[in-house]
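Subject: Model handover and notes on helix packing

Hello,

Here is the model for your files. My notes follow below it.

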Amino acid sequence: MTLAKAAEGIGHYLEAAELWGLASVVGNKMPGKSIEDRESVVFAIEQQLAARDRWGYTFDTHYKSNKVFVESELARIKED
């Protein structure tokens, strides 16, 4: 996450989006995730989406599916 924040800090939104995406994939593959782990994954995806918004790359299926995932995972976290 540190690298993604650094990339954002210098305006490299493509790289930031890719790094946030990598962080979310790694976090999501962890077995036995706690609520805090799941919230960290959601945070990483939200940051990826925000970087892609700033980059102007919001039209592909990954962007749309990540938005849906964030909404559904937040609802599931509230239920748990």
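Predicted model: local features only at pLDDT ≥ 70, side-chain atom pairs only at ≥ 80, totals over all residues.

Residues are numbered from 1 along each chain as its sequence is written, and side-chain values use heavy atoms, with hydrogens and water left out.

Helices are DSSP runs (H or I, at least four residues), numbered from the N terminus. Helix H1 spans residues 2-9, and its buried residues are Ala4, Ala7 and Glu8. Viewed down the axis of H1, these buried residues fall within an arc of 100 degrees, so they line one face of the helix. The arc is taken over the directions from the helix axis to the C-beta atoms. Thr2, Leu3 and Gly9 are exposed on the other side of H1. Buried here means under 20% relative accessible area and exposed means over 50%, with partly exposed in between (1.4 Å probe, protein chains only).

The cover over the buried residues of H1 includes helix H2 (13-28) and helix H3 (35-55). Just after H1, glycine 11 has a positive phi of about 80 degrees.

Two packed helices are described by the angle between their axes and the distance between the axes. For H1 and H2 the angle is about 165 degrees and the axes are 8 Å apart. That makes H1 roughly antiparallel to H2, a label for angles over 145 degrees; under 35 counts as roughly parallel, 65 to 115 as roughly perpendicular and the rest as oblique. Axes are lines fitted to C-alpha atoms, for helices over the stretch in contact, and angles run from 0 to 180 degrees between N-to-C directions. The crossing of H1 and H2 is left-handed, meaning that the near helix is turned anticlockwise from the far one by less than a right angle. Leu3, Ala4, Lys5, Ala7 and Glu8 of H1 meet Tyr13, Glu15, Ala16, Leu19 and Trp20 of H2, where contact means heavy atoms within 4.5 Å.

H3 and H4

H3 packs against helix H4 (residues 61-79) at an angle of about 150 degrees, with the axes 10 Å apart. Residues making the contact include Val41, Ile45, Gln48 and Leu49 of H3 and Asn66, Phe69, Val70 and Glu73 of H4.

Glutamine 48 lies in H3 and counts as buried at 11% relative accessibility. Asparagine 66 lies in H4 and is also buried, at 18%. A polar contact of 2.9 Å joins the side chains of glutamine 48 and asparagine 66; such a contact is a pair of N or O atoms within 3.5 Å, and within protein one must be able to donate a hydrogen and the other to accept it, with residues adjacent in sequence counting only if both atoms are side-chain atoms. Not counting residues up to four places away in sequence, glutamine 48 touches Ala17, Trp20, Gly21 and Asn66. On that basis, asparagine 66 touches Ile45, Gln48 and Leu49.

Glutamate 73 is in H4 and counts as buried at 9% relative accessibility. Its side chain makes a polar contact of 3.2 Å with the side chain of arginine 76. Leaving aside neighbours within four places in sequence, glutamate 73 is in contact with Arg38 and Val42.

Regards

Note on methods:
Helix = DSSP H or I, 4+ residues; strand = E, 2+ residues; numbered from the N terminus.
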